Amino acid sequence: MTRQFQPGLRASTSSLRSQSTAQLPYRPAPQAQSAGQTPRQDDPKPSPISPESYAQPFCDFMTTNPTIFHAVASFTTQLEEHGFTRLSERDVWSSTLKRGGKYYCTRNGSSLIAFTIGADYESGNGFGIVAGHVDALCAKLKPISKLDNKAGYVQLGVAPYAGALSSTWWDRDLGIGGRVLVRDPVTGVVESKLVKLDWPIARIPTLAVHFGTPSQGPFNKETQMVPIIGVDNSDLFGSGKVEADSKGIKQGTFASTQPPKLVKVIAKQLGVSDYSTIVNWELELFDTQAARLGGLEKEFIFAGRIDDKLCCYSAQEALLASPDDASTGIVKMVGMFDGEEIGSLLRQGARSNYMSSVMERITEAFAPSYGPNVLSQTVANSFLVSSDVCHAVNPNFLEVYLANHAPRLNVGVAVSADPNGHMTTDSVSTAILQRVADKCGSTLQIFQIRNDSRSGGTIGPMTSARIGMRAIDAGIPQLSMHSIRATTGNLDPGLGVQLFKGFFDHFEAVDKEFRDF
């Protein structure tokens with residue numbers, strides 16, 4: 001039975017540290033410092049046995065990788081450093097995949113699947129999967145982002161992705177980043193290059209309260225939440241500033257549809273001298289404030305884009321931490337999908353064939369005679385932990401939480417339940433994960449929305465339904481979901497690693513106890 005935390009229970013940070021005793025043999029490597037960031041020499045080295053050792057590396061990862069493209073690129077670099085081989089979906093995998101091998105593939109540069117094949121794996125055996133989504137709410141540049149100057153301001157055309165451009169986006173220091181497609185002028189080959197302008201460039205200014213009713217909203221996201229990125233008063237003085245800014249940018253090119261100064265700043269960072277070689281880009285605004293430890297005893301993590309990079313981070317760290325001699329008869333897999341916040345209906349989303357095709361390819365590679373029978377057997381033997389962040393209890397709004405179903409920070413991963421199918425959790429999947437938690441020393445919490453509130457959704461139901469495997473929704477708690485700045489506990493990334501590693505380590509044995517399901 002899932003352990004529940006009663007309202008009167010007080011758990012101190014120190015006591016929670018002592019109860020979180022999973023042995024984590026993999027030591028998370030600190031992320032590279034971003035440009036202009038001075039490394040701190042007094043930072044303690046991450047401990048391989050304590051969940052709090054993942055807190056600062058997670059903060060560094062979040063600060064260094066503000067966009068989905070940066071996050072996926074960082075994850076793939078880490079995988080390669082740990083001996084994983086990159087696979088292309090364009091190639092045949094049958095002769096490449098080996099027992100004991102470690103592999104990954106990406107789709108669109110914005111989704112990722114990584115997996116290890118056990119030394120004793122046989123086709124038809126199960127997959128142990130932890131999957132989440134790596135996209136986050138943001139404001140994306142419009143296809144033509146150049147706007148006419150207005151009252152002396154240079155502005156940028158952006159559109160909200162999912163629920164972005166909410167009230168939390170006002171008066172924030174916003175940078176710009178993403179991927180730029182550049183054509184090599186010699187070979188003609190188009191390459192993807194990452195760009196990150198991580199200083200405050202854009203801002204969406206509020207209207208001062210002194211103006212009364214117009215300052216109170218509601219606000220029009222198309223006309224009243226347009227970022228300012230510069231000042232241009234040339235219309236007052238009749239100067240040729242606009243023409244000077246556009247010098248070197250050819251009409252009819254993609255670059256000519258974008259703010260000329262932005263084009264030149266990005267081109268300079270990428271080392272591009274011919275602006276016409278910029279074929280297109282996918283850029284977004286992001287909060288430039290670094291992820292930080294906070295609280296009197298630094299028991300919080302304050303960061304942007306926690307939903308759901310937090311669970312993806314913990315899942316990958318768990319895969320790397322899981323030893324090769326644990327659950328040797330299965331495939332251990334991590335999935336990170338794009339598009340969850342807008343319905344997952346993209347080719348790189350959870351509703352696509354991405355995960356199912358990877359599972360089929362692995363199954364086929366080791367099958368003497370491949371067909372739907374062995375694939376169905378594989379699916380029946382597999383299990384998905386759909387890991388998306390869930391709502392931590394907010395002390396200022398206790399009345400909106402269901403009694404005994406309000407997860408706390410720094411306690412453990414929370415199972416998300418919903419009787420109407422918004423979550424994929426059921427009694428069997430809960431019992432399986434509870435058994436895993438018992439084996440690895442993790443504490444499970446439980447979350448369910450009140451009857452008079454609206455539940456969110458995850459990739460769990462769509463993925464388990466499309467593929468047909470058993471599944472559970474279980475995520476790391478956070479405050480302020482979908483705000484530009486959110487909060488989780490300093491232990492929570494490591495507690496996620498602890499449980500997910502336990503799942504990879506023990507699923508093969510635990511599954512034998514549930515052969516009838």
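**Close-up views of a predicted model**

Residues 24 or more positions apart account for 78% of the contacts (heavy atoms within 4.5 Å) in the chain with a separation of 6 or more. The model is predicted: local features need pLDDT of at least 70, side-chain atom pairs count only at pLDDT 80 or more, and totals for chains, interfaces and linings use all residues. Residues are numbered from 1 along each chain as its sequence is written, and side-chain values use heavy atoms, without hydrogens and water.

**View 1. The whole chain has twelve helices and 20 strands.** Helices (H or I, at least four residues) and strands (E, at least two) are DSSP runs, numbered from the N terminus. Of the 517 residues, 54% count as buried (under 20% relative accessible area, 1.4 Å probe, protein chains only).

**View 2. Strands S7 and S8 form a hairpin.** S7 (residues 174-183) and S8 (residues 190-202) run antiparallel, joined by nine bridges. Ile 176 has Leu 197 in S8 as its bridge partner. Six residues lie between the strands, and Gly 188 takes a positive phi near 80°.

**View 3. S11, S12 and S20 form an open antiparallel sheet, in that order.** Strands pair if DSSP finds at least two bridges between them. S11 (292-294) and S20 (486-489) stand at the edges with a single partner strand each, so one side of each has no neighbour in the sheet. Neighbouring strands are turned by 35° against each other on average, direction ignored.

**View 4. Helix H7 (residues 306-321) lies across S12 and S20.** H7 runs at about 30° to S20 (axes are lines fitted to C-alpha atoms, for helices over the stretch in contact; angles run from 0 to 180 degrees between N-to-C directions). Ala 303 stands opposite Ala 486 in S20.

Terms used:
Buried < 20%, exposed > 50% of the residue type's maximum accessible area, 1.4 Å probe, protein only.
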